[in-house]
Amino acid sequence: MSDHAQKHPFHLVDPSPWPLVAAMSAGLFTGGMVMFMHSDRAPTDFWLAALGLAGILFVMFRWWSNVISESSIYHNKVVQIGLRYGMSLFIASEVMFFVAFFWAFFHNAFVIFSPGVTEWPPAGVEVLDPWDLPFLNTLILLLSGCTLTWAHHGCLEGKKKDMVQGLAITVALGVIFLCLQAYEYSHAAFGFADGIYSSTFYMATGFHGFHVFVGTVFLAVCLGRAIKDGFKPDHHFGLEAAAWYWHFVDVVWLFLFFAVYIWGGE
């Protein structure tokens, strides 16, 4: 082995401009949003935030494209172990993110509102019927979990057709879920600023919808890679990570459906 040959199994990434560009874009976006919300020059500051957001999206595309290109060369089994730990910790942080919203919802239900004094939901709030669109969306997400598992098993067994079909159906179900949630929001009898129930409802379900959007994009990228033979039975962590994330989103929705829509809507 030569003196310049790599003597360890780990992937030490090359110098990259993307962390710096991402930080600058994020600062531009957040600064632009603050100025947009607190300034009389709203149009100008909005475009400042839009420029920052465009920079963030550009960095995401280029940086993750680099990761995909590197995966076929450097992501050996030792590197994949680290990636699995990283994805596990990321999902754990996402769990705590949603714990905050559930905490806010139940805190207001049990502490601020006392039986016999005030009620939860507050008087005058026309809650959504949980057995209408929310129940349909629950079935859609549960079905999407099944189709994604089908796609994963297709990858493990080397069946490209099953993998592609399963991913395509899962992506389609994610889009349908988002469309139905947007329809539900547009026809809800209460708005975000109509009280503590309304704000906690929209924060919890809205951020879940954002996670569904992220997961749908994640799976759409996996679909493109699957079509181009980017996954192998022994080398497919990208698909596995997307599956973990999607199943996490499914489980969070089940808690939201039972806690916010059924229990919270009584």
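At 46% relative accessibility, glutamate 119 counts as partly exposed, a class that lies between buried (under 20% relative accessible area) and exposed (over 50%), with a 1.4 Å probe and protein chains only. The structure described here is a predicted model, in which local features need pLDDT of at least 70 and side-chain atom pairs count only at pLDDT 80 or more, while totals for chains, interfaces and linings use all residues. Residues are numbered from 1 along each chain as its sequence is written, and side-chain values use heavy atoms, leaving out hydrogens and water.

Glutamate 119 is found in the loop between α3 and α4 (133-156). Its C-alpha atom is separated by 24 Å from that of histidine 187, the two residues being 68 apart along the chain.

The protein chain holds seven helices and zero strands, where helices (H or I, at least four residues) and strands (E, at least two) are DSSP runs numbered from the N terminus. Along the sequence the pattern accordingly reads α-α-α-α-α-α-α. The C-alpha atoms fill a box of roughly 80 × 50 × 30 Å, taken along the principal axes. Of the 266 residues in the protein chain, 37% are buried. Among contacts with a separation of 6 or more, 75% come from residues 24 or more positions apart, a contact being heavy atoms within 4.5 Å.

The surface and its charges come next. The accessible surface of the protein chain is about 15300 Å², and 72% of this belongs to carbon and sulfur atoms; the areas come from the Shrake-Rupley method with a 1.4 Å probe, and for residues only the protein chains shown count as cover. The protein chain carries 11 positive and 19 negative charges, whose mean positions are 19 Å apart. Lys and Arg count as positive and Asp and Glu as negative, without His and the chain ends, and each charge is placed at NZ of Lys, CZ of Arg, CG of Asp or CD of Glu.

A pair of aromatic rings is described by the distance of the centres and the angle of the planes. Rings of Phe, Tyr and Trp (its six-membered ring) pair if their centres lie within 6.5 Å, and planes under 30 degrees apart count as stacked, over 60 as edge-to-face and the rest as tilted. By this rule there are 35 aromatic pairs. One of them joins phenylalanine 46 and tryptophan 47 edge-to-face, at 5.6 Å centre to centre and 75 degrees between the planes. Phenylalanine 46 is partly exposed at 39% relative accessible area, whereas tryptophan 47 is exposed at 61%. Phenylalanine 101 and phenylalanine 207 form a stacked pair, with 5.3 Å between centres and 20 degrees between planes. This pair links distant parts of the chain, 106 residues apart: phenylalanine 101 sits in helix α3 (residues 77-112) and phenylalanine 207 in helix α6 (residues 196-227). Phenylalanine 101 is buried, at 13% relative accessibility, while phenylalanine 207 is partly exposed at 30%.

Turning to the cysteines, zero disulfides were counted, with a disulfide taken as a pair of cysteine sulfur atoms within 2.5 Å. For cysteine 155, the nearest cysteine sulfur belongs to cysteine 222 and is 9.6 Å away. Cysteine 155 is buried, with 2% relative accessibility.

A final point concerns the backbone. Most residues other than glycine have a negative phi. Aspartate 229, although not a glycine, has a positive phi of about 60 degrees. Aspartate 229 lies in the loop between α6 and α7 (237-263) and is partly exposed, with a relative accessible area of 43%.
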